[in-house]
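Welcome, and please have your viewer ready. Let's take a short walk, one selection at a time.

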Amino acid sequence: MSAVVALPVAFVAEEITPAVMAAPLQIEEVAAVRQWVRDAQSAGARVGFVPTMGALHAGHTSLVDRARRECDRVVVSLFVNPTQFSPNEDYERYPRPLEDDLRRLEAAGADAVLLPAVEAIYPPGDATTVDVGSVAMPWEGASRPTHFRGVATVVTKLFGAVPADRAYFGRKDYQQTVVVRRLVTDLLLPIEIVVCPTVREPDGLAMSSRNAYLSPRERQQALAVPESLEIVERLVTQGERRVEPLRAAALERLDSAEGMEPDYVAFMADGTVEEVEHLTGPTVVAVAARVGRTRLIDNRLLA
């Protein structure tokens, strides 16, 4: 287990202003983080876990803050998982600002951070994958066929490495939360999944590590994504319950943005990935679109 690394105590993350915190303990080995969690639990502490791929922003630190409120100890993983990237995706260029991430975690009050090498998660000869079936097939699964197999596999591995009491995920990746809940139920994993609200920029764009890829012009074009969801929400408030007019309105806004390439506008019964044709209960509208080389996703829960 590595020693605590001293970081500047004057740093304050943009999104939080806590009291001075100690730098989180940095752990690289799976056995070491597992023992850290078990020791905390043996002492009567409830442990919260926030799995991330790093490049942290206020959405991530909001998960840490929620975990701090509900748990006695909080561990965060920083691991860019290669198996959830397709060959033509951005694994190599995915941002990895480690020092900034560590400063943010110190300000957020994380107790420990797991920094595993790829070989620690995928040891030589690794051959086991996790397929969660039908919940991984539509929408994101159709656009990125191997993505959720990689997500489900790494999440299962991380839950084995970090046997926490609760794990925290953001609602922005809606289908991912459905996948994770499915695998926890099916594999009888003793961990509670907590899904937290999407955190947005002041102009409404959902926070994402990939927003850093956007040029200033693309950043303005990207606002069509949350605006399309706002249009749908407004029409539902006005009484529209038919999916096709709602989808058409969302696509009209997306198509009006120069350089925007819509992937899908999906309407799903909340908690599922099952498409609906008419709103009869809580429904999630999810959008995926590409601006330049950057793929954006977002969603809203409709009453």
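A helix axis here is a line fitted to C-alpha atoms over the stretch in contact, and angles run from 0 to 180 degrees between N-to-C directions. Keep in mind that you are looking at a predicted model.

**Stop one: a pair of helices.** Select residues 58-70, helix α2, and residues 98-108, helix α3; their axes come within 10 Å and cross at roughly 35°. The crossing of α2 and α3 is right-handed. Now show side chains: A58, T61, V64 and R68 of α2 meet R104, L105 and A108 of α3. Sorted by class, this contact has 4 nonpolar, 1 polar and 2 charged residues.

**Stop two: a sheet.** Next, select β7, β8 and β9, which form an open antiparallel sheet in the order β7-β8-β9. Which strands stand at the edges? They are β7 (260-269) and β9 (294-302); each has a single partner strand, so one side of each is left without a neighbour in the sheet. On average, neighbouring strands here are turned by 15° against each other, direction ignored.

Zoom in on β8 (residues 283-291), which is joined to β9 by 9 bridges. Pick A286 and look across to β9, where its bridge partner is N299.

**Stop three: a helix across the sheet.**

**Last stop: a loop residue.** Select N211, in the loop between β6 (192-196) and α8 (216-221). Is N211 buried or exposed? N211 is buried, because its relative accessible area is 12%, under the 20% cut-off. Beyond its neighbours within four places in sequence, N211 is in contact with L205, A206 and L296.

Notes:
Residues are numbered from 1 along each chain as its sequence is written. This is a predicted model: local features need pLDDT of at least 70, side-chain atom pairs count only at pLDDT 80 or more; totals for chains, interfaces and linings use all residues. Side-chain values use heavy atoms; hydrogens and water are left out. Two strands pair if DSSP finds at least two bridges between them. Helices (H or I, at least four residues) and strands (E, at least two) are DSSP runs, numbered from the N terminus. Buried means under 20% relative accessible area, exposed over 50%, partly exposed in between (1.4 Å probe, protein chains only). Contact means heavy atoms within 4.5 Å. A crossing is left-handed if the near helix is turned anticlockwise from the far one by less than a right angle, and right-handed if clockwise. Ala, Val, Leu, Ile, Met, Phe, Trp, Tyr, Cys and Pro count as nonpolar, Asp, Glu, Lys and Arg as charged, and the others, Gly among them, as polar.
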